[in-house]
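Subject: Handing over a structure

Hello,

I am passing a structure on to you, and I hope you enjoy looking through it.

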Amino acid sequence: MTMERRRNDWNRIMQEPARVLLIDDDRDIHALVEAMLRPLGVQFASAVDAGSGIEAAVAMCPDLILLDQELPDATGVETLPRLRLHPSLSEVPVIVITASERREVLAACFEAGASDYIRKPFFGAELRARIQSLIERRRMLDDLGRAAHIDPLTGLPNRALLQWRLQRAIDRARHDPDAAFALMFIDFDRFKLINDSLGHAVGDLLLTELAQRLRNNLRVQDSVAREVAGPTVARLGGDEFIVILDGVPDADAAATVADRLIELIELPFHLEQHIVRSSASIGIVHSNGGYEEAADMLRDADIAMYEAKSRGKGCHALFSHEMRDAVRYRMQLENALREAIGTEQMYLAYQPIVSLEDRRLESVEVLLRWKHPELGTIPPSEFIPIAEETRLILPLSDIVLREACRQFMAWQREAPELAPRYLSVNLSRVQLADAQVAARTFAILEEAGMPPECLQLEVTESHIMQQRSMATDLLAQFKAHGLRLAMDDFGTGYSSLSCLQEYPFDVLKVDRTLTENISRGRGYSALLHAVMSLADNLGLEVVAEGIERVEQLVLLQALGYTYGQGYLLARPLRADALVAWWNANASSREAA
């Protein structure tokens with residue numbers, strides 16, 4: 001390698017001047033070494049004994065130390081272990097300067113932690129070559145360490161470095177009460193929507209800007225090669241960020257910081273030509289929880305973050321053991337649900353939808369029920385969200401539809417004059433995003449020999465808005481195939497007129513919250529009257545849900561509502577009980 005190439009490689013690697021410390025009691029050597037190293041452009045410092053040398057090394061944090069073997073207060077072999085006790089000096093290369101040629105002395109130097117040695121007297125070229133070699137190697141190792149431990153997009157510590165730092169913080173806090181800290185798990189609430197709608201490039205800009213805001217607000221001065229005081233901000237992955245907040249006595253103090261970060265994140269992001277606004281959910285856990293492993297602390301912070309999301313997002317939640325118990329119960333339910341699908345634990349109930357004029361059975365809504373042999377009856381509000389999150393709702397919905405269609409056709413054969421005219425089945429948000437759901441639905445109808453017009457699919461507007469593009473095509477396919485479509489829970493969420501015009505609905509199902517409040521004031525009556533008028537103008541049937549009291553029924557009849565559903569009229573019933581109900585219902589209508 002030519003001298004010019006060697007110099008170019010050195011300049012390329014040395015993005016900043018290398019720091020070299022000489023510890024030697026001969027002051028003439030100081031001037032000589034400084035002159036020899038001047039061509040390298042290093043930052044040079046010196047000390048005359050072991051004590052002052054160690055102090056200078058801690059203050060300077062050099063890239064390399066030249067250490068004389070014979071010092072007035074200690075030998076180089078004795079000084080090396082004292083240097084290595086300081087975390088910032090543990091990996092710094094040390095060249096021992098010695099006049100001895102004894103093998104045992106050199107062996108002792110290497111055993112004590114020396115990286116190399118050089119004998120007196122030495123020449124400038126030899127000294128520069130040894131220093132260049134060690135510093136280049138150190139810098140390249142630092143670069144490799146940075147690449148392995150730094151997130152390339154944001155420049156923040158990645159998961160690996162975060163876990164190492166978190167474990168060090170846990171170990172310190174276990175032995176030193178003054179080293180208490182808090183861990184914050186931050187999740188950007190609308191990142192997927194922004195990423196999907198504006199593109200990954202804008203999503204990357206958002207993550208970069210978010211990282212910079214966190215870094216600046218928490219005054220982070222980070223380092224990979226050395227331990228640093230102060231908070232750590234790391235990117236765990238995706239839109240998930242972690243903050244290790246040092247010197248926090250309790251979780252309430254961390255909550256104050258979390259509120260400040262939430263306000264910071266809610267400020268608009270200017271990303272190219274786009275202005276993006278959102279919020280963040282933050283889970284907080286404190287080191288006083290007796291943690292021993294980083295993974296356990298991260299798990300509980302994650303649990304707290306999801307609790308914050310469940311509270312409406314844009315807020316923080318402090319971890320509690322009740323949250324962990326809830327997660328464990330949820331996991332128990334998920335495992336039990338996987339085992340229950342296709343067994344007798346899961347069964348169908350059918351809630352009648354009747355004419356409010358003469359109580360004649362019009363249709364039935366199909367409802368899934370679950371009775372676990374050990375956990376007992378588990379309400380749909382608990383297991384349906386789990387089924388949707390795990391996508392178990394897809395095979396589960398096919399089973400429900402297949403059994404309901406089979407049962408419907410059996411009723412038509414056995415009592416066509418009393419049986420419901422059609423089935424009403426709920427369509428989940430996951431099904432709306434499934435490209436194969438239409439094909440499977442049509443296949444199940446054909447398998448059961450059931451006319452398409454005898455099946456009504458219920459969907460909420462909020463679910464449509466979450467999957468707007470796919471929902472438009474899917475609902476058009478269903479309508480073209482002859483199926484009935486109902487907007488469920490009308491009167492909550494968006495409930496926009498544009499949705500009624502854009503999608504081919506046949507029925508409006510008025511949410512139970514409006515029905516429950518109908519007798520509480522004229523405002524609710526006027527609203528229900530407006531819904532009825534709107535439906536008439538659009539040519540839609542209307543079903544009032546949640547009818548539980550006689551006065552509700554009377555007022556709905558007075559407003560012109562034709563169909564209703566609720567416990568006052570009939571509770572959800574299993575297939576055989578429904579047959580008994582409609583026979584009794586028919587008898588009472590004949591007697592009237």
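First, some ground rules. This is a predicted model, in which local features need pLDDT of at least 70 and side-chain atom pairs count only at pLDDT 80 or more, while totals for chains, interfaces and linings use all residues. Residues are numbered from 1 along each chain as its sequence is written, and side-chain values use heavy atoms, with hydrogens and water left out.

Let me start with charge pairs. Side chains of opposite charge can pair when their charged atoms come close. Searching the whole structure gives 33 salt bridges (a side-chain nitrogen of Lys or Arg within 4 Å of a carboxyl oxygen of Asp or Glu).

One of them joins D68 to K120, with 3.5 Å between the closest N and O atoms. D68 sits in strand β3 (residues 64–68) and K120 in the loop between β5 (116–119) and α6 (124–149), so this pair ties together parts that are 52 residues apart in sequence. Helices (H or I, at least four residues) and strands (E, at least two) are DSSP runs, numbered from the N terminus. D68 is buried at 3% relative accessibility, whereas K120, at 30%, is partly exposed. Here buried means under 20% relative accessible area, exposed over 50%, and partly exposed in between (1.4 Å probe, protein chains only).

R102 and E104 form another salt bridge, their closest N and O atoms being 2.9 Å apart. R102 is partly exposed at 48%, and E104 is partly exposed at 47%. There is also a network of salt bridges that links D296, R299, D300 and R324.

Next, have a look at helix α13, which covers residues 380–389. Its buried residues are F383, I386, A387 and E388. They pack against α12 (321–340), β13 (346–355), β14 (361–372), β15 (376–378), α14 (393–414) and α15 (429–432), where contact means heavy atoms within 4.5 Å. E389 forms a salt bridge with R330 (3.2 Å, N to O). Since E389 lies in α13 and R330 in α12, the pair ties together parts that are 59 residues apart in sequence. E389 itself is exposed, at 58% relative accessibility. After α13 comes R391, which has a positive phi, near 65°.

Happy exploring, and do write back with any questions.

Best wishes
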